[in-house]
Amino acid sequence: MNLSIGIVGLPNVGKSTLFNALLKKTVAFAANYPFATIEPNVGVVEVPDDRLPVLAKIVNTQKIVPAVVEFYDIAGLVKGASTGEGLGNKFLSHIREVAAIAHVVRLFEDGDIIHVHDTVDALRDIQTIETELIFADLATLFKQKEPKGKFTKEEGIRWDAIVKFKGHLNAGNAARTLRLTEDEALQAKELHLLTMKPEIFVFNVSEEQLLEKEQLEEKIRNIMLSLRLKGSNPSEIATSSSTPRNDWLYFNAKLENDVLTFSEEEQTEYLAQYNLTETGLNRLIQVAYETLGLISFLTAGELEARAWTIPVNTLAPQAAGTIHTDFEKKFIKADIASYEYFVNLGGWNKLREQGKVQIVGRDHVMKDGDVVEFKIGA
């Protein structure tokens with residue numbers, strides 16, 4: 001599976017500049033006026049994984065295939081987008097295609113860059129976008145028809161979920177914060193509600209703000225707390241112990257672009273001046289994996305060293321199915337070693353000689369960093 005993230009926000013908050021930085025090249029048209037992005041730009045970015053070159057050296061292969069993330073740069077939304085203002089519903093529909101939303105929020109002050117509301121107010125801007133997504137979801141819900149006469153159990157459960165959603169969203173709450181039964185949650189998936197998607201807040205800050213790390217983080221925490229207290233936070237209401245608590249990060253989109261021409265060592269030194277240890281790309285991907293509950297397993301052979309993305313708690317046959325759909329149906333068993341064992345002992349031969357290969361069946365739960373050889377039937 002590929003991870004897909006839609007970059008959304010008001011116009012002129014730095015979405016396209018961020019997109020350019022994420023892709024390590026200028027592919028989006030960044031301009032200082034609303035709606036510079038007319039079609040969603042889509043780019044594929046490799047997931048940084050230091051384990052793959054190590055595996056490649058051990059198995060003597062030149063081919064490394066990392067996991068990837070698809071980023072969608074979606075045009076700026078404005079107040080009234082759900083009813084067609086700005087570029088309207090066309091762009092709301094693009095959000096339905098992604099697994100998660102990266103909501104870019106402007107914190108930097110710059111008189112040379114126009115703000116659609118004239119002033120910088122992160123809390124107001126977040127609520128503007130959230131309100132439009134909620135309105136769009138309500139429009140979807142009100143198009144649903146109540147089942148009449150004889151209807152299936154599933155149709156009844158689906159309608160119960162719709163009724164709950166209507167009340168919840170009308171109160172100004174995102175769909176993902178509603179408690180549903182397992183059956184209702186299953187039926188609700190086909191509604192493709194925008195506010196059901198996990199959301200990561202990406203605060204675009206100035207270089208001066210980066211230098212004042214404690215004050216900056218305190219400011220962001222206060223913004224997030226205000227959202228939660230109002231019950232309008234789209235990512236984290238205390239309704240589930242599994243809800244992630246690290247659903248935000250910050251970086252300077254311009255700085256991210258500036259370091260693109262630097263070597264890796266120069267990047268590290270430059271970012272350290274601003275209290276940053278990694279590029280924004282790495283941090284956004286890490287947060288996205290955690291938010292969506294994703295991990296990577298690894299394969300290593302003479303043909304290639306490769307990372308594969310799967311959800312947490314995936315069983316071995318389903319993991320095999322990410323390589324090829326037939327592999328899940330024809331799965332027999334799998335040989336598995338932890339990345340640490342694989343590296344320390346120098347590959348499959350030494351692992352097998354010392355009895356360190358774990359032979360697992362259909363009930364094995366995959367772990368991050370598992371190095372795997374699947375055994376598939378004819």
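Leaving aside its neighbours within four places in sequence, which residues is lysine 213 in contact with?

## Lysine 213 and its surroundings

In this predicted model, lysine 213 is in contact with Tyr250 and Asn275 once its neighbours within four places in sequence are left aside. Lysine 213 lies in helix H8, and its relative accessible area of 35% makes it partly exposed. Leucine 276 is 63 residues away from lysine 213 in sequence, while the C-alpha atoms of the two are 9.5 Å apart in space.

## The chain as a whole

The protein chain contains 15 helices and 12 strands, and buried residues make up 52% of its 378 residues. Of the contacts in the chain with a separation of 6 or more, 69% are accounted for by residues 24 or more positions apart.

## The six-stranded sheet

An open sheet of mixed pairing is formed by 6 strands, which follow the order S2-S4-S1-S5-S6-S7. Its edge strands are S2 (41–46) and S7 (248–251), each of which pairs on one side only. On average, and with direction ignored, neighbouring strands of this sheet are turned by 25° against each other. S2 runs antiparallel to strand S4 (residues 68–73), to which it is joined by 6 bridges, and within S4 glutamate 70 stands opposite valine 44.

Helix H1 (residues 15–23) packs on the sheet, where it touches S1 (3–8), S2, S4, S5 (100–106), S6 (199–204) and S7, and its direction makes about 35° with that of S2. Helix H4 (residues 122–142) also packs on the sheet, touching S5 and S6, with a direction that makes about 145° with that of S5.

Strand S5 is mostly covered, since 7 of its 7 residues are buried. In a regular strand the side chains alternate between the two faces of the sheet. In S5 both faces are covered: Ala100, Ala102, Val104 and Arg106 are buried on one side, and Ile101, His103 and Val105 are buried on the other.

S1 pairs with S5 in the parallel sense over 4 bridges, and isoleucine 5 stands opposite alanine 100 of S5. S5 and S6 also run parallel, joined by 6 bridges, and valine 202 in S6 is the bridge partner of valine 104.

## Helix H4 and the helices packed on it

Two packed helices are described by the angle between their axes and the distance between the axes. H4 and helix H8 (residues 213–229) pack at an angle of about 45°, with their axes 10 Å apart, and H4 is therefore oblique to H8. The crossing in which H4 passes H8 is right-handed. On the H4 side this contact is made by Ala122, Leu123, Ile126 and Gln127, and on the H8 side by Ile223, Ser226 and Leu227.

H4 also packs with helix H5 (residues 153–170), here at an angle of about 150° and again with the axes 10 Å apart. The pair H4 and H5 is therefore roughly antiparallel, and their crossing is left-handed. From H4, the residues Ile134, Asp137, Leu138, Leu141 and Phe142 meet Ile162, Phe165, Lys166, Leu169 and Asn170 of H5.

Helix H11 (residues 280–292) has 13 residues and reaches 18 Å from its first C-alpha to its last, which is close to the 18 Å expected at 1.5 Å a residue. H11 is mostly covered, with 10 of its 13 residues buried, namely Gly280, Leu281, Asn282, Arg283, Leu284, Ile285, Val287, Ala288, Tyr289 and Thr291. Just after H11, glycine 293 takes a positive phi of about 65°.

Strand S8 (residues 294–300) is largely enclosed by the rest of the structure, because 7 of its 7 residues are buried. Both of its faces are covered, with Leu294, Ser296, Leu298 and Ala300 buried on one side and Ile295, Phe297 and Thr299 buried on the other. S8 pairs in the antiparallel sense with strand S9 (residues 305–311) over 7 bridges, and a hairpin of 4 residues joins S8 to S9. Within this pairing, arginine 306 in S9 is the bridge partner of threonine 299.

Methods:
Residues are numbered from 1 along each chain as its sequence is written. This is a predicted model: local features need pLDDT of at least 70, side-chain atom pairs count only at pLDDT 80 or more; totals for chains, interfaces and linings use all residues. Side-chain values use heavy atoms; hydrogens and water are left out. Helices (H or I, at least four residues) and strands (E, at least two) are DSSP runs, numbered from the N terminus. The expected span of a helix is 1.5 Å times one less than its number of residues. Buried means under 20% relative accessible area, exposed over 50%, partly exposed in between (1.4 Å probe, protein chains only). Two strands pair if DSSP finds at least two bridges between them. Axes are lines fitted to C-alpha atoms, for helices over the stretch in contact, and angles run from 0 to 180 degrees between N-to-C directions. Contact means heavy atoms within 4.5 Å. Angles under 35 degrees count as roughly parallel, over 145 as roughly antiparallel, 65 to 115 as roughly perpendicular and the rest as oblique. A crossing is left-handed if the near helix is turned anticlockwise from the far one by less than a right angle, and right-handed if clockwise.
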